[in-house]
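My entries follow in the order in which I looked things up.

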Amino acid sequence: KDNTMSDSPYVFRAGAAPLKQESPTLKVKEAHMLDGMIVRYQERNPAPANPDAAWCETGHSAYILSGQLQYEFPDHVVEVGPGDMVHIPAGYDHRHRPTALGGEPVKYFITEFE
């Protein structure tokens, strides 16, 4: 008996999902999975540094596919690139601001929980 299904609650067909413009510098594909996990594919374009940008307090795990990304934390700054993985716990103590560096969009996946 063939139990192959074209649709499954365990699969997100990212190739068929639209890439939505979230802001002038950010495009996103988003999947809400069964256990409350959100998976996002993001493309972040470089922009001038904005010291007035809001801090993000959401926890994320990220995998960088291409480009260079800078995360600003209250006490340090770190740069990441292709193949790097980042895990930032949720909360005020781990607040951060991401900025794309260089001349190309940063392409990466992030996961978080609702």
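**Entry 1: contacts and ground rules.** I began with contacts, meaning heavy atoms within 4.5 Å, and noted that among those in the protein chain between residues at least 6 apart in sequence, 58% join residues at least 24 apart. I kept in mind that this is a predicted model, in which local features need pLDDT of at least 70 and side-chain atom pairs count only at pLDDT 80 or more, while totals for chains, interfaces and linings use all residues. I also noted that residues are numbered from 1 along each chain as its sequence is written, and that side-chain values use heavy atoms, with hydrogens and water left out.

**Entry 2: the chain as a whole.** I found nine strands and zero helices in the protein chain, where helices (H or I, at least four residues) and strands (E, at least two) are DSSP runs numbered from the N terminus. The C-alpha trace spans about 60 × 30 × 25 Å along its principal axes. Of the 114 residues, 28% are buried, buried being under 20% relative accessible area, exposed over 50% and partly exposed in between, with a 1.4 Å probe and protein chains only.

**Entry 3: the core.** I then looked up the largest nonpolar core, which has twelve residues: A62, I64, L69, Y71, F73, V80, V86, I88, A100, V106, Y108 and I110. Such a core is a set of buried Ala, Val, Leu, Ile, Met, Phe, Trp, Tyr and Cys residues joined through side-chain atoms within 4.5 Å. Two or more residues come from each of β4 (60–66), β5 (68–72), β7 (85–88) and β9 (106–113), and β9 gives the most, with three. For I64, leaving aside neighbours within four places in sequence, I listed contacts with L69, V80, G81, P82, G83, D84, V106, K107 and Y108.

I next checked pairing, for which DSSP must find at least two bridges between two strands. Strand β3 (residues 37–44) pairs with β9 in the antiparallel sense over eight bridges, and the bridge partner of Q42 in β9 is Y108. β4 also pairs with β9 in the antiparallel sense, over five bridges, and here I noted S66 opposite K107 of β9.
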